[in-house]
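Hello,

Here is the structure I promised to hand over. Please open it alongside this email, as my notes follow below.

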Amino acid sequence: MKHINYFLIAVLAICATGCQRYYQHQGSVFGTYYNIQYKASKNMDAQIQQRLAEFDASLSMYNPASTISRINANEEVETDPYFERMYETASYVSEVSQGGFDITVAPLVNAWGFGFKHKENVTQAMIDSLLQFIGYQSIRLENHRIIKSDPRTMMDASALAKGYACDVVAELLAENGSKNYLVDIGGEVVVKGNNRHLKPWTIGITKPIDDPTGEKQELQDIIETSDLCMATSGNYRNYYFEDGVRRSHTIDPRTGYPVHHKLLSATIIAPTCMQADALATACMVLGEYQAAFMINQISETAYFFILTDDEGNMTVKTSPNWDKLLHGEDSL
C-alpha cells in the first residue's frame, strides 16, 4: 500500500509539472480574427486575453485612452514598454525602406478613408499640406516621451500591430513552458514545434483575388513549418473605387497617394512577426524591385511576392533563401 501511495504521489508530481494537452482559442480582436493553438499544462486563455488588453491599451488607434492615442492628442504621457518596442522596430524598418514605411502616415491614411476618421475630399493642396508634418524623422523617443517637431504629427501602428500581437502571445506561451504553438492574428502568424498530430504546422498563403469580405479565400500556396514568424500585406481586400479609380489602403508616405503597381501581395519571413508585418507593408509601398532589393539586404528575412502582369495573370517570385528560412535553416 505504501508503495502504491509513493507511485501515485510520483505520478501526480510529474503531471503537475509535465502533463500537457493542446488547447485552442478563436475569436475576434483588433477588428480581425484570431486562432491560437498551443500545448500546455493549463488553459491560458485568461492570461492571453489580459496580455492582449494590455497591448490594446498601449497601441490601439480606436481607444482614446491608449498610449498612442494620447500621444497623438499631444497629452503629457510616458511611453510604455509595448510602445517603445514598437517604435524601435518601426524606426528600423523606416530606415531600411528609406521612408517607404512610416508610422507618421496616420493623417494621410485618415484623409483617404482607411483610418480611424472619415474620408475627406482629397486634393493636391491637401496632400501638400499634410506632407509638411509627415515623416518618421520628425519624431524621436527621448526619456520615455515622444518629441514631435510639429504637434500635428500623428502616429499609426496598425501596419505592424497584428504581427506584434502575435509575438506578444507567442512569448507568453513560451514563458509558460509551451514549445508547440500557433498564433494567427488576422493572417499574421508565429509557429513553433508541432501540431496536435505531431506534425509541422500547415499555413496557407492567400491568393490575392478581389475579396473585400474575406469570404472567398483561395490559397496560392500551402506550407509546412515548425519555426516561423510570417506576415502578409496586400491591396486585394481593403480598397474602394472613386471616379473609376481603384484606391488601395496602402498609402505611400512619401507622395501622399495610394500605391498602384504590379505587386499584389507580399509575404515576409523575419526574426519577429512585428518586423515581418512592417516589412510586408514597406514592400507594398516600394513595389517589386525595390522591395526585393531591400529584403535581400536583411539577414534572416525572405519574401514571397505575388505579382500580376499586363494581362492580369498572377506569378510568384520568391527570394533565394525562402525555402531555407521556411524550414528553419540559416539564411544564405
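**What I found**

W201 counts as buried, at 3% relative accessibility. Here buried means under 20% relative accessible area, exposed means over 50%, and partly exposed lies in between (1.4 Å probe, protein chains only). W201 sits in strand β7, residues 201–206.

Some ground rules. This is a predicted model, in which local features need pLDDT of at least 70 and side-chain atom pairs count only at pLDDT 80 or more, while totals for chains, interfaces and linings use all residues. Residues are numbered from 1 along each chain as its sequence is written, and side-chain values use heavy atoms, with hydrogens and water left out.

**Overall**

The protein chain has 10 helices and 14 strands. Both are DSSP runs, numbered from the N terminus: helices are H or I with at least four residues, strands are E with at least two. Of the 332 residues, 49% count as buried. Take the contacts between residues at least 6 apart in sequence: 59% of them join residues at least 24 apart. Contact means heavy atoms within 4.5 Å.

W112 is in the loop between α5 (106–111) and α6 (124–131). W112 is buried, with a relative accessible area of 2%.

**The cores**

A nonpolar core is a set of buried Ala, Val, Leu, Ile, Met, Phe, Trp, Tyr and Cys residues joined through side-chain atoms within 4.5 Å. In soluble globular proteins, nonpolar side chains tend to be buried together. The largest core here has 65 residues, and M86, I268 and F305 touch the most other members. Leaving out residues up to four places away in sequence, M86 touches L59, I103, A157, L160, Y164 and M274. Another core lies apart from it, with 17 residues, including Y22, L182, V191 and I203.

**Helices**

α2 (residues 45–59) packs on α7 (residues 158–175) at an angle of about 145 degrees, with axes 10 Å apart. Axes are lines fitted to C-alpha atoms, for helices over the stretch in contact, and angles run from 0 to 180 degrees between N-to-C directions. On the α2 side, the contact residues are Q47, I48, R51, L52, F55 and L59. In α7 they meet residues including Y164, V168 and L172. The residues of this contact divide into 11 nonpolar, 1 polar and 2 charged. Ala, Val, Leu, Ile, Met, Phe, Trp, Tyr, Cys and Pro count as nonpolar, Asp, Glu, Lys and Arg as charged, and the others, Gly among them, as polar.

Helix α8 covers residues 273–286 and has 14 residues. 14 of its 14 residues are buried. G287 follows α8, with a positive phi near 90 degrees.

**Two positive phi values outside glycine**

N143 has a positive phi, near 50 degrees. N143 lies in the loop between β3 (139–142) and β4 (145–148). N143 is exposed, with a relative accessible area of 66%. E300 also has a positive phi, near 60 degrees. E300 is in the loop between α9 (288–296) and β13 (302–308). At 47% relative accessibility, E300 counts as partly exposed.

Best wishes

Terms used
Expected span 1.5 Å × (residues − 1).
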